[in-house]
Amino acid sequence: MPLCEMCGTEQDQLRPVSVEGTNLRLCDRCSRFGEEIRPAKTLPATLPGVPRTRTDRPSRETEYDLAPDFPDRLRRAREALGWKREELARRINEKLSVLEKLEKGRLRPPDTLVAKLERVLEIRLRERVEEGEAPRHTETRPLTLGDLIRRED
Ligand SMILES: [Zn+2]
């Protein structure tokens, strides 16, 4: 006779029961501690490809990203103001080492720091990120007489 996996008593029949994620075979008395597994309701292990909605990108009207030439912009703006790195570091309340790394492109600044630099230096360090594909310029148009004449050359 099978034994209940919870209380250990012998039973004529055991129920398959899920107790906190563990599948056990239990007697009637113990089966109420979990959810009875009904074979009819068992879902197939692998569902056919379910289209998932894209949620990886937060929807914002415009997105700005750090300019690729951010270190150059930063250095040029600072030099235009005649500030040494120490001066700028002091004004943005950051360590000199942080500023050095920024100007060497070895540190990607957080948004808050970028905003602070933009404000202090009165420049833009971010660029708008274009959504979707860039417009195509390869247009197909029928050949004109002018095209044909030039091809004769
Ligand atoms: Zn039991």
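From the N terminus on, the elements of the protein run β-β-α-β-β-α-α-α-α-β-α. The model described here is predicted. In total the protein contains six helices and five strands. Of its 153 residues, 12% are buried. Among contacts with a separation of 6 or more, 38% are between residues 24 or more positions apart.

**Helix H2**

- Helix H2 spans residues 70-80, and its buried residues are Phe70, Arg73, Leu74 and Arg78.
- These four residues lie on the same side of H2, because they cover an arc of only 125° around the axis.
- On the face of H2 turned away from this buried side are the exposed residues Asp72, Glu79 and Ala80.
- The packing partners of the buried H2 residues are strand E4 (63-66), helix H3 (85-91), helix H4 (96-103) and helix H5 (111-121).
- Glycine 82 follows H2 and has a positive phi, near 75°.

**Nonpolar cores**

- The largest nonpolar core consists of nine residues, namely Phe70, Leu74, Leu88, Leu99, Leu102, Val114, Leu117, Leu121 and Leu125.
- At least two residues of this core come from each of H2, H4 and H5.
- The largest contribution to this core is that of H5, which provides three residues.

**Contacts of leucine 125**

- Leucine 125 belongs to the nine-residue core.
- When neighbours within four places in sequence are left aside, leucine 125 is in contact with Leu66, Ala67, Phe70, Arg73, Leu74, Val114, Leu117 and Glu118.
- Among these contacts are Phe70, Arg73 and Leu74, which are also buried residues of H2.

**The three-stranded sheet**

- An open sheet is formed by three strands in the order E2-E1-E3, with antiparallel pairing.
- Strand E2 (22-26) and strand E3 (35-36) are the edge strands, each pairing on one side only.
- Strand E1 (residues 15-19) runs antiparallel to E2 and is joined to E2 by five bridges.
- Within this pairing, valine 19 is located opposite threonine 22 of E2.

Note on methods. Residues are numbered from 1 along each chain as its sequence is written. This is a predicted model: local features need pLDDT of at least 70, side-chain atom pairs count only at pLDDT 80 or more; totals for chains, interfaces and linings use all residues. A residue is buried if 20 or more other C-beta atoms lie within 10 Å of its own, exposed if 12 or fewer, and partly exposed in between; C-beta atoms are placed from the backbone. The arc is that of the directions from the helix axis to the C-beta atoms. Two residues are in contact if their C-beta atoms, placed from the backbone, lie within 7 Å. A nonpolar core is a set of buried Ala, Val, Leu, Ile, Met, Phe, Trp, Tyr and Cys residues joined through C-beta atoms within 7 Å. Two strands pair if DSSP finds at least two bridges between them.
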